[in-house]
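Have a look at the picture first, then read on.

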Amino acid sequence: MTAPAPDDRPAAPSLLDCPFVQGDLPRLRVLVDRYADREGLPEPRRWDFVVAVDAVASNAIEHAEGGGTLVLERADGHLACHIHGSGPGFTADAVPQEMPGADEHAAGRGLWLASLITDHLTVSTGADGSVVSLTMRLPRTST
């Protein structure tokens with residue numbers, strides 16, 4: 001028997017996989033905080049992660065037909081959150097490089113903030129909507 005090629009490796013199991021709507025945001029923040037704590041993301045980075053997830057989930061509710069799906073996983077020393085929303089969603093260039101001005105519309109500030117306080121943020125789009133992925137590096141643990 002041969003070992004599977006790296007691309008054939010099974011995906012890491014999800015820590016959390018749940019659909020959400022507006023009324024679920026407080027519960028979602030608590031769940032993300034608990035899982036991030038359990039996986040070893042220390043304060044205040046854990047709080048940054050929760051704020052970023054909340055900002056992106058709120059955007060999904062506003063721009064993706066009132067809700068989305070959140071998947072939280074641990075992989076390769078990182079905690080990753082993928083928020084999927086159907087509908088028109090975002091484009092891959094939706095994250096402003098600079099803070100939108102005070103006299104402009106508030107659009108884009110949530111993604112901009114999330115991109116600043118996480119280690120990595122990507123936006124991908126497809127026929128079934130958009131996925132915003134946020135990652136935070138977990139501290140190394142001694143063995």
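**Notes on helix H1 and the chain around it**

1. Let's start with the inward-facing part of H1: its buried residues are Leu25, Leu28, Leu31, Val32, Tyr35 and Ala36. These residues span an arc of only 125° around the axis, so they sit on the same side of H1. Keep in mind throughout that this is a predicted model.

2. What lies over that buried side? The cover for the buried residues of H1 includes strand S1 (14-21), helix H2 (45-63), strand S2 (67-75) and strand S3 (78-85).

3. On the face of H1 pointing away from its buried side you'll find the exposed residues Arg34 and Arg38.

4. Helix H1 covers residues 25-38, and at 1.5 Å a residue its 14 residues should span 20 Å; the end C-alpha atoms are 20 Å apart, so the two agree. Just past H1, have a look at Gly40, which takes a positive phi of about 95°.

5. Stepping back to the chain, you'll count three helices and five strands. Read from the N terminus, the order of the elements is β-α-α-β-β-α-β-β.

6. Some overall numbers to finish. The chain has 143 residues, and 38% of them count as buried. Among contacts in the chain with a separation of 6 or more, 60% come from residues 24 or more positions apart. As for the surface, the chain exposes about 8,600 Å², with carbon and sulfur atoms supplying 53% of it.

Methods
Residues are numbered from 1 along each chain as its sequence is written. This is a predicted model: local features need pLDDT of at least 70, side-chain atom pairs count only at pLDDT 80 or more; totals for chains, interfaces and linings use all residues. Side-chain values use heavy atoms; hydrogens and water are left out. Helices (H or I, at least four residues) and strands (E, at least two) are DSSP runs, numbered from the N terminus. The expected span of a helix is 1.5 Å times one less than its number of residues. Buried means under 20% relative accessible area, exposed over 50%, partly exposed in between (1.4 Å probe, protein chains only). The arc is that of the directions from the helix axis to the C-beta atoms. Contact means heavy atoms within 4.5 Å. Accessible areas come from the Shrake-Rupley method with a 1.4 Å probe; for residues, only the protein chains shown count as cover.
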